[in-house]
Amino acid sequence: MRLHFSRKLLGIPYAVFLAFFVIIPMLVILFYAFTDKEMHFSFGNFIQFFSDPTKLSTIVYSLVIAVITTAVCLAIAYPVAYILARSKMKKKFVILLLFVTPMWINFVLRVNAIRELLNWVGLLGEANYFNTIFGMVYDFLPFMILPLYTTMLKIDESLYEASADLGANSVTTFVRVTLPLSAPGIVSGITMVFLPSMTNYVVSDMLGNSKVTIIGKFIYEYFGSNWHMGSMVALILLIVVFLSTWLTGGFREDEPARGSSL
Amino acid sequence: MNKKTLAAKCVKAIFIGLVLLLLYAPILLLAVYSFIDTDVIGTSGSFSLTHYTKLFTDSRVLTMIGNTFGLAFASAALSTLLGTLGAIGMYYCKRRVKTAMSVASRIPIINAEIVTALALAILFVVIGLPKSYFTMLIGHMVISTPFVVLSVMPKLKQMDNSLYEAALDLGASPAKALLKVVLPQIVPGIISGFMLAITLSLDDYIVTVYTRPSGFETISTYVFNATTRGNAHTAETLSSFWALTTIIFLVILIVVIAANLSGRKREVKP
């Protein structure tokens with residue numbers, strides 16, 4: 001007797017893999033976040049964390065860094081994406097590629113290159129917060145350019161013409177046509193830059209002279225000492241990510257995902 | 001009017017040029033100094049290849065480069081296999097199962113890397129799995145397999161389903177039809193998924209640190225430690241990274257240019 005072959009069965013290894021190494025780890029985090037060291041249910045981790053003024057001030061600093069990084073990325077990426085998307089140049093894809101190419105150099109080597117540049121101009125160790133933000137903008141800029149460019153490319157050229165025909169000047173056209181139609185790109189760009197600038201402590205450690213602490217660094221520090229607290233911070237980040245993804249419709253199937261554009 | 005548009009064009013070109021200059025300044029700085037006989041950027045020296053010879057004679061550096069690429073290929077190959085089978089399975093599953101799997105598959109993509117890393121590290125301790133090459137491989141597969149699924153899935157959706165039915169009608173077994181009809185149609189997605197998986201693994205620092213066996217170094221962990229805990233490493237080690245960055249940059253540049261040229265040729269063909 002031959003075993004009946006079904007194409008569905010091919011998905012089983014991946015389903016098992018997802019259950020074991022994606023779902024269960026999240027449940028483990030959830031369990032640790034709500035238990036104390038004796039494994040009893042407790043809200044103690046949250047209370048202890050949020051009543052510590054030094055932790056709270058670090059969170060505020062980290063959020064400010066993330067907001068500034070995201071804002072600067074948007075301010076640079078928006079005009080870049082707009083110019084490229086509306087350009088009639090044949091080879092504009094090559095220019096877009098130039099913006100993405102540095103991303104293929106190993107992340108840490110790239111941060112190291114910025115470190116050497118900052119050292120050369122004499123800023124390393126002198127302006128830790130500036131250096132951290134500079135490095136983050138440098139590293140996360142392509143994540144902002146790509147979604148903006150893709151959404152702007154989809155805007156129908158005739159809409160600009162119609163707007164001009166109906167008497168709108170270029171400012172009105174921008175505010176009433178370009179901006180609303182590129183909003184999805186802005187939202188996905190912001191989510192792609194904001195999260196790593198709160199959590200990717202490689203940049204802040206290497207450029208901030210180990211003086212800049214961001215939220216992601218808490219997890220690293222707790223990993224050696226207290227998993228319950230570490231899981232609690234991870235759970236908060238997890239909830240933030242889920243809410244923002246859900247609100248922006250990122251769970252929908254046809255939504256292009258982070259980094260998959262190129 | 002023509003003057004005005006010309007001026008606007010110039011402003012645009014200058015802006016794009018400035019941003020690109022900013023983006024490439026650190027890399028170009030390292031590229032220039034990688035050929036100069038000094039360990040401190042900004043000091044003068046003469047043209048030499050010492051940084052390159054240092055890079056290729058330091059056994060620790062060679063080991064870490066080998067480790068990085070070995071891990072990237074191993075995890076990308078496994079991720080591609082798992083992800084391709086997964087995508088095919090998901091595509092033919094009932095809607096509810098498919099949705100559940102694609103949401104689960106999206107978690108490592110949207111999650112902060114540090115959260116994925118911590119969760120895996122705690123899981124391995126809880127189930128009593130000591131950190132090893134295997135756990136690190138799992139870690140890299142967790143971050144890259146979802147991207148393979150994402151690149152294979154659209155190809156499955158574009159596929160003409162009647163071809164598979166036709167193969168069955170003509171007497172092919174389901175397995176053979178899958179291999180001879182479905183697989184060839186999704187190959188581009190599989191290849192781009194594999195490339196994406198390699199890039200993600202090469203780039204990774206955080207997941208590697210939380211899941212690696214002790215003593216295992218990749219380019220990322222080695223350079224990170226060398227720069228943040230400078231005491232154990234001399235300026236000499238740091239300057240050999242200039243050469244490494246330059247080599248990687250050149251390789252990428254060549255690949256990008258080659259891909260562009262071959263792409264143009266393909267367009268010309270009917």
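In chain A of this predicted model, helix α7 passes helix α8 in a right-handed crossing, where a crossing is called right-handed if the near helix is turned clockwise from the far one by less than a right angle, and left-handed if it is turned anticlockwise. The helices named here are DSSP runs of H or I with at least four residues, strands are runs of E with at least two, and both are numbered from the N terminus. The contact between these two helices is made by L159(A), Y160(A), S163(A) and A164(A) of α7(A) and by T173(A), R176(A) and V177(A) of α8(A), two residues being in contact if their C-beta atoms, placed from the backbone, lie within 7 Å. By class, this contact has four nonpolar, two polar and one charged residues; here Ala, Val, Leu, Ile, Met, Phe, Trp, Tyr, Cys and Pro count as nonpolar, Asp, Glu, Lys and Arg as charged, and the others, Gly among them, as polar.

Residues are numbered from 1 along each chain as its sequence is written, and chains are lettered from A and ligands numbered from 1 in the order in which they are written. Since the model is predicted, local features need pLDDT of at least 70 and side-chain atom pairs count only at pLDDT 80 or more, while totals for chains, interfaces and linings use all residues.

Two packed helices are described by the angle between their axes and the distance between the axes. The axes are lines fitted to C-alpha atoms, for helices over the stretch in contact, and the angles run from 0 to 180 degrees between N-to-C directions.

| Helix pair | Axes come within | Crossing angle |
|---|---|---|
| α3(A) (residues 53-86) and α8(A) (residues 170-199) | 9 Å | roughly 140° |
| α6(A) (residues 128-153) and α8(A) | 8 Å | roughly 160° |
| α7(A) (residues 157-165) and α8(A) | 10 Å | roughly 140° |

Angles under 35 degrees count as roughly parallel, over 145 as roughly antiparallel, 65 to 115 as roughly perpendicular and the rest as oblique. With axes that cross at roughly 160°, α6(A) is therefore roughly antiparallel to α8(A). The helices α7(A) and α8(A) are therefore oblique to each other, and α3(A) and α8(A) are likewise oblique to each other.

The helix α3(A) passes α8(A) in a right-handed crossing. On the α3(A) side, the contact is made by S62(A), I65(A), A66(A), T69(A), T70(A), C73(A), L74(A) and A77(A), and on the α8(A) side by I186(A), G189(A), I190(A), V193(A), F194(A), S197(A) and M198(A). These residues divide into 10 nonpolar, five polar and no charged.

The crossing of α6(A) with α8(A) is right-handed too. Among the residues that make this contact are F140(A), F143(A) and P147(A) of α6(A), together with P184(A), G185(A) and M192(A) of α8(A). The contact of α6(A) with α8(A) divides into 12 nonpolar, seven polar and no charged residues.

## Chain A as a whole

Chain A has 11 helices and zero strands. Its C-alpha atoms fill a box of roughly 75 × 70 × 35 Å, taken along the principal axes. Buried residues make up 42% of the 262 residues in chain A, where a residue is buried if 20 or more other C-beta atoms lie within 10 Å of its own, exposed if 12 or fewer, and partly exposed in between, with C-beta atoms placed from the backbone. Among contacts in chain A between residues at least 6 apart in sequence, 73% join residues at least 24 apart.

## Chain B and its side towards chain A

The model scores ipTM 0.87 and pTM 0.88. The mean pLDDT of chain B is 88, and 94% of its residues reach 70 or more, pLDDT being the predictor's confidence in each residue, from 0 to 100.

In the interface, 70 residues of chain B are in contact with 68 residues of chain A. The elements of chain B that give two or more residues to this side include α1 (2-33), α3 (59-91), α10 (219-228) and α11 (235-268), and the largest share, 12 residues, comes from α1(B). By class, the side of chain B that touches chain A has 53 nonpolar, 14 polar and three charged residues.

The helix α10(B) is mostly covered, with seven of its 10 residues buried, including Y222(B), V223(B) and F224(B).

T116(B) lies in helix α5 of chain B and counts as buried because it has 27 C-beta neighbours inside 10 Å. Leaving aside residues up to four places away in sequence, T116(B) touches P108(B), N111(B), V142(B), I143(B) and V207(B). R60(B), found in helix α3 of chain B, counts as exposed because it has 10 C-beta neighbours inside 10 Å.
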